[in-house]
Amino acid sequence: MSVCQKQRKGLIVENKFVVSLDVGGTKKLAAVVNSTDGIISRLKKQTPEAPTHESFSGSLVELTNEVIQLSGIQPEQVASIAVGIPGSVNMETGIIGMAPNLGLKNYSVQEHLNNRLPYPVLIENDVNLAAAGELAFGAAKGKQNVLVVFVGTGIGGGLILNNKLYRGSGWVAGEIGHINVHEKGPKCGCGRIGCFEALASRTAVVRQITAEIKKGKQSVLKERTEKNKDIKSKAIARALEAGDKLTVKVINQACKTIGRTLAGINNLLNLELIILGGGLMEASESYMLPKINETFYKYSIGDAAKCVSLVGTNLRDDAAIYGGITLTEELLNIKV
Ligand SMILES: [Zn+2]
């Protein structure tokens, strides 16, 4: 056994770990992590469309057991399971209020997982978890007032005020995806019309591109729509790089909506940092961030704009994974 293996084994036997599960609209990430060893194992799986409550919990139990086994740690070293959900989550009752991109509503996920796993289960909104991760380990370290925005299947937000995660009076704070930005806009997964995410998420961008192609517009993405293939963030990024006119037009419009909405939020909160992540942003950050900035400054009150910068996430997919450490330390009052 090498020195390195001995050290690794020594650390693993002594230390406690968090199993972080980041449940997205299209994929689930699982990782075993702590603050001294970092991420020691990870897994990624597709999220099935419109799961039942039972199959949703079952897939999380399976993923937890698989990633623990992959890491080689013992069950007694698991301090907690920290689950990030794309939707509103009541941390007192453990109930998902609304997660439109998972097709879940009023579901007591914590109780179901606690019945099936021998570890403490903690649940939190996914972007709140990412914001906690950015605050302790990423771009928000040392900052007081920060908004984390993830643009992917939907649009989620996590708000840090006075160096602390702000969850609101009814656990809904940060749900920026459902701010109404268009009175007659398209229908959102939440049932309302004209929500921010119904206009500027990847899902919204893909819907607009597909509709234009069906009307006869040319695009490099035409073949994908004809073959009924999913248009993922990477395909959009490639279309942008190729200068595809339709994709450029739709993305430019999405960037304007994002910039305008974030300017309104910043005029209210006077933040010092806005971190932009999520599948669509990360795949096309170099194109989208300057465009968003342009509109953001146009709609910002001068003094509010002076204090703030808009940046990409540096932890990317790992932000919510690291947030599991912060959540465990906060709720279980232990160091991991
Ligand atoms: Zn909505």
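Student: How are H4 and H13 oriented to each other: roughly parallel or roughly perpendicular?

Tutor: One thing before we start: this is a predicted model. Now the general idea: two packed helices are described by the angle between their axes and the distance between the axes. Here H4 and H13 pack at about 80°, with 6 Å between their axes. Angles of 65 to 115 degrees count as roughly perpendicular, so H4 and H13 fall into that class.

Student: Which residues of H4 and H13 meet?

Tutor: On the H4 side you have Asp126, Leu129, Ala130, Ala132, Gly133, Glu134, Ala136 and Phe137. They meet a run in H13: Ala319, Ala320, Ile321, Tyr322, Gly323, Gly324, Ile325, Thr326 and Leu327. Sorted by class, the contact of H4 with H13 has 11 nonpolar, four polar and two charged residues.

Student: Let's look at the sheets next. What is the strand order in the sheet that contains S1?

Tutor: The order is S3-S2-S1-S4-S8, in an open sheet of five strands with mixed pairing. Its edges are S3 (38-46) and S8 (121-125), each of which pairs on one side only. From one strand to the next, the twist averages 20°.

Student: How do S4 and S8 run, parallel or antiparallel?

Tutor: S4 (residues 78-85) and S8 run parallel, joined by five bridges. If you want a spot to look at, find Ile85, which stands opposite Asn125 in S8.

Student: And which strands do H4 and H13 lie across?

Tutor: H4 lies across S1 (17-23), S4 and S8, and runs at about 95° to S8. H13 (residues 318-332) lies across S1, S2 (27-34), S3, S4 and S8, at about 120° to S4.

Student: How do the axes of H9 and H11 cross?

Tutor: The axes of H9 and H11 (residues 285-298) cross at roughly 50° and come within 7 Å. That angle makes H9 oblique to H11. H9 passes H11 in a right-handed crossing.

Student: Which residues of H9 and H11 take part, and what classes do they belong to?

Tutor: H9 brings Ile251, Asn252, Cys255, Lys256, Ile258, Gly259, Arg260, Leu262 and Ala263. From H11 come Met288, Lys291, Ile292, Asn293, Glu294, Thr295 and Phe296. The residues of the contact of H9 with H11 divide into eight nonpolar, four polar and four charged.

Student: Let's zoom out. Into which domains is the protein divided?

Tutor: Domain 1 covers 10-131 + 317-332, and domain 2 covers 141-312. Their C-alpha centres lie 25 Å apart.

Student: How many residues of domain 1 are in contact with domain 2?

Tutor: 18 residues of domain 1 contact 20 residues of domain 2. On the domain 1 side, the elements that give two or more residues are S5 (88-90) and H4 (126-137). H4 provides the largest share of that side, five residues. By class, the side of domain 1 that touches domain 2 has nine nonpolar, eight polar and one charged residues.

Definitions and conventions:
Residues are numbered from 1 along each chain as its sequence is written. This is a predicted model: local features need pLDDT of at least 70, side-chain atom pairs count only at pLDDT 80 or more; totals for chains, interfaces and linings use all residues. Domain bounds come from an automatic or database domain assignment. Two residues are in contact if their C-beta atoms, placed from the backbone, lie within 7 Å. Helices (H or I, at least four residues) and strands (E, at least two) are DSSP runs, numbered from the N terminus. Ala, Val, Leu, Ile, Met, Phe, Trp, Tyr, Cys and Pro count as nonpolar, Asp, Glu, Lys and Arg as charged, and the others, Gly among them, as polar. Two strands pair if DSSP finds at least two bridges between them. Axes are lines fitted to C-alpha atoms, for helices over the stretch in contact, and angles run from 0 to 180 degrees between N-to-C directions. Angles under 35 degrees count as roughly parallel, over 145 as roughly antiparallel, 65 to 115 as roughly perpendicular and the rest as oblique. A crossing is left-handed if the near helix is turned anticlockwise from the far one by less than a right angle, and right-handed if clockwise.
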